[in-house]
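Here are my notes on the complex, for reading beside the model. Please keep the viewer open as you go through the points.

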Amino acid sequence: MTAATASQTIGPYWHLIEDKSWADLTRFGAEGERIVLTGTVIDGDGAPFVDGCIEIWQADPPASDSFPAFGRSVIDRYGNYHLITVKPGPVPGRGNAQQAPHIAINVMGRGLMHHLVTRAYFGGEALNATDPLLTSIEEPSRRATLIARNDAPGVWRLDIRLQGGNETVFLDI
Amino acid sequence: MSDPIPYRPYAPDTQPSLDSPDYLGTRRRHPLRPPHKLPHTVTETTGPAFSPALFPPTADMTIIDGRRALGERIIVAGRITDEDGRPVPHTMVEIWQANATGRYHHPADQHDAPLDPNFFGAGRVFTDADGRYKVVTIRPGAYPWPNHKNAWRPNHIHFSFFGPAFATRLVTQMYFPGDPLLAFDPIYNAVPDLAARERLVSVFDLDITQPDYALGYRFDVVLRGRGATPMEH
């Protein structure tokens with residue numbers, strides 16, 4: 001067995017491959033409840049995390065010709081990312097468990113030697129109370145770092161803190 | 001429903017530490033808490049499938065509108081496999097880099113070296129059924145960066161791989177054999193395991209080299225494997 005190749009930072013110039021349309025996962029005509037997922041990413045000094053990007057992947061709705069289920073947003077100079085997607089439904093967990101609706105997130109950028117993985121859940125979902133990941137995080141304040149807030153109709157906000165007080169729960173996958 | 005077969009954990013010391021203090025950029029950007037273990041679910045074991053129809057390949061980065069980029073043309077080719085040696089077919093590969101003078105076609109790069117209007121520095125290719133890919137580009141130059149006194153990045157090309165699952169995502173950098181700057185580079189040296197680090201260095205390959213055209217470098221890449229074949233039901 002040969003171990004997986006080592007990661008290296010994407011560095012500050014990844015914008016050379018940026019295609020801004022990738023931030024809109026509905027651009028191929030996806031059906032379903034269109035939502036905005038947005039937020040601010042900050043570092044250990046509370047400063048905007050610049051020179052990075054956010055990638056998302058969701059298992060529901062399933063990827064199709066009209067829905068790539070994958071997107072990428074630049075993190076702008078204020079630390080903000082902005083994605084348009086379709087609100088996911090629940091998907092199976094391990095065993096007989098059901099997972100609450102969620103979106104998988106990669107955080108990448110200058111100063112990150114390996115992408116960070118986290119998730120966005122949706123505030124107010126009944127299934128959050130029994131979701132295997134959320135319930136495995138004991139401190140409510142830590143759990144809350146994964147739950148997006150409904151800021152306005154169709155707009156969900158998840159701020160991401162890379163380091164220090166109220167640090168986001170990052171996942172070992 | 002049966003549980004998805006998980007991908008293997010990363011082998012010890014083969015991945016760089018997020019806390020790599022010699023690379024100053026990591027100091028305020030690495031989490032202080034250990035990551036929370038998440039057993040793989042369908043979210044982690046599935047991933048995006050990009051089609052060349054919607055994401056057109058650019059396998060030759062050296063020509064823009066028929067005009068040729070300056071610098072040493074090279075061919076980079078290799079095979080993408082999983083940890084068990086199985087090919088990763090039809091997966092998208094993204095590529096970006098500085099030009100021959102060591103300057104990125106990017107407004108934030110203010111290095112005093114000339115831009116080349118005929119080199120943008122971004123490419124995209126797909127692996128074939130056997131996991132092989134090939135891209136034609138320009139050998140990138142070294143450039144200074146403000147990490148420490150007299151800091152220079154070794155020649156490198158950025159590569160982004162997807163593989164079959166969210167869990168197989170990989171972004172890395174390819175280096176060139178014999179580069180004296182590798183010994184001083186905190187990004188390259190952030191990978192603890194020597195063998196894993198050295199696999200980031202491409203290999204000069206006379207079989208990839210095309211006569212009267214360009215030198216060839218082989219850069220093989222391994223994505224995480226599952227170590228098992230899913231049961232069919």
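The numbered points below take up confidence, the interface, the strands, the core and some backbone details.

1. Confidence. This is a predicted model. The predictor gives the complex an ipTM of 0.97. The pTM is 0.97. Chain B averages a pLDDT of 95, and 97% of its residues score at least 70.

2. The contact between chains. On chain B, 62 residues are in contact with 54 residues of chain A. Several elements of chain B give two or more residues to this side. They are strand S1 (36-37), helix H1 (42-45), S5, S11, helix H2 (194-198) and strand S14 (221-223). The largest share, four residues, comes from S11(B). By class, the side of chain B that touches chain A has 29 nonpolar, 19 polar and 14 charged residues.

3. Strand S12 (residues 171-172) of chain A pairs with S1(B). The sense is parallel, over two bridges. Look for Leu171(A): its bridge partner in S1(B) is His36(B).

4. Ala3(A). This residue lies in the segment before S1 of chain A. Is Ala3(A) buried or exposed? Ala3(A) has 20 other C-beta atoms within 10 Å, and the cut-off for buried is 20 or more, so Ala3(A) counts as buried. Its contacts include residues of chain B: Ala3(A) touches Ala11(B), Thr14(B), Glu83(B), Ala196(B) and Val222(B). Within chain A, Ala3(A) and Arg142(A) are 139 residues apart in sequence. From C-alpha to C-alpha they are 32 Å apart in space.

5. The four-stranded sheet of chain B. This open sheet has the order S6-S5-S10-S11, with antiparallel pairing. Which strands are at the edges? Strand S6 (122-126) and strand S11 (170-175) of chain B are, and each pairs on one side only. The twist averages 25 degrees from one strand to the next. Inside the sheet, strand S5 (residues 92-97) and strand S10 (residues 156-161) of chain B pair over five bridges. In that pair, Glu94(B) stands opposite Ser160(B).

6. S9 of chain A and its partners. Strand S8 (residues 116-122) and strand S9 (residues 147-152) of chain A pair in the parallel sense, over two bridges. Tyr121(A) stands opposite Ile147(A) in S9(A). S9(A) also pairs with strand S10 (residues 155-157) of chain A. Here the strands run antiparallel and three bridges join them. Ala152(A) stands opposite Val155(A) in S10(A). S9(A) and S10(A) form a hairpin with two residues between them. Gly154(A) in the turn has a positive phi of about 80 degrees.

7. The core. The largest nonpolar core has 97 residues. Which residues have the most contacts inside it? They are Leu37(A) and Ile56(A). As a general point, nonpolar side chains tend to be buried together in soluble globular proteins.

8. A cis peptide bond. Asp60(A) and Pro61(A) are joined by a cis peptide bond. Its omega is about -10 degrees. Pro61(A) sits in the loop between strand S2 (52-57) and strand S3 (70-75) of chain A. For background, most peptide bonds are trans, and most residues other than glycine have a negative phi.

9. Asp51(A) has a phi near 65 degrees. Asp51(A) is in the loop between strand S1 (34-42) and S2 of chain A. Asn166(A) has a phi near 60 degrees. Asn166(A) is in the loop between strand S11 (160-161) and S12 of chain A. How do their surroundings read? Asp51(A) counts as buried because it has 22 C-beta neighbours inside 10 Å. Asn166(A) counts as exposed because it has 11 C-beta neighbours inside 10 Å.

Methods. Residues numbered from 1 in each chain as written. Chains lettered and ligands numbered in written order. pLDDT = per-residue confidence, 0-100. Pairing = 2+ DSSP bridges. Axes fitted to C-alpha atoms, helices over the stretch in contact; angles between N-to-C directions. Contact = placed C-beta atoms within 7 Å. Nonpolar A, V, L, I, M, F, W, Y, C, P; charged D, E, K, R; others polar. Core = buried A, V, L, I, M, F, W, Y, C linked by C-beta atoms within 7 Å. Buried ≥ 20, exposed ≤ 12 C-beta atoms within 10 Å, placed from the backbone. Lists of a residue's contacts leave out its neighbours within four places in sequence.
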